[in-house]
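I wanted to go through this model element by element and write down what I looked up. These are my notes, in the order in which I made them.

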Amino acid sequence: MAIDGVLMQRLEDWETRLLAEIDAARFRDFAYGQHDCALFAAGCVDAMCGTALAETLRTAYRDEASAEAYFAAQGGWGPAVDALVGAENRIPWQFAQPGDIALVPIGLGDDCGMAIVSGHRTLAATARG
């Protein structure tokens, strides 16, 4: 992953950090701008790489309406993730590894959400848990 073209390296103990972040997130209540799918995924990357992606998102929106406006202004979910971690790091889903960000369909239509790859599944923060 990269920020402003600079490759982000995972820390030596990234797996332990990722598991700790996932475990802690299980007990957080869903709230746009505080703990939602994008902030969960960004927080996992922050834990693995020592970055501050979640802070970038926390200043971008604070509720559902401003989150929708933010992602629409970015051109949608794909361009928003590209802007956050670098478009040059996009990979086909078949090559995703644990800790990678994934865009997953939610609901009907073209709606997506951000998730973290964890083995053969993805994990995301949702209003349902």
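I began with strand E4 (residues 112-118), where six of the seven residues are buried, so the strand is largely enclosed by the rest of the structure. I took buried to mean under 20% relative accessible area, with exposed over 50% and partly exposed in between, using a 1.4 Å probe and protein chains only. Strands (E, at least two residues) and helices (H or I, at least four) are DSSP runs numbered from the N terminus. The model is a predicted one, in which local features need pLDDT of at least 70 and side-chain atom pairs count only at pLDDT 80 or more, while totals for chains, interfaces and linings use all residues. Residues are numbered from 1 along each chain as its sequence is written, and side-chain values use heavy atoms, with hydrogens and water left out.

Next I looked up the partners of E4, counting two strands as paired if DSSP finds at least two bridges between them. Strand E3 (residues 101-105) runs antiparallel to E4 and is joined to it by five bridges, with Leu103 standing opposite Met114. E4 is also joined to strand E5 (residues 121-123), again antiparallel, by three bridges, and Val117 has Thr122 as its bridge partner there. E4 and E5 make a hairpin with two residues between them, and Gly119 in the turn has a positive phi of about 65°.

I then turned to the aromatic rings. Rings of Phe, Tyr and Trp (its six-membered ring) pair if their centres lie within 6.5 Å, and planes under 30 degrees apart count as stacked, over 60 as edge-to-face and the rest as tilted. By this rule I noted five aromatic pairs. Tyr61, Tyr70, Phe71 and Trp77 form one aromatic cluster.

Last, I checked confidence, using pLDDT, the predictor's confidence in each residue from 0 to 100. The protein chain averages 88, and 91% of the residues score at least 70. Over residues 1-6 the pLDDT is below 50. Where pLDDT is low, the predicted coordinates should not be read in detail.

Methods: Contact means heavy atoms within 4.5 Å.
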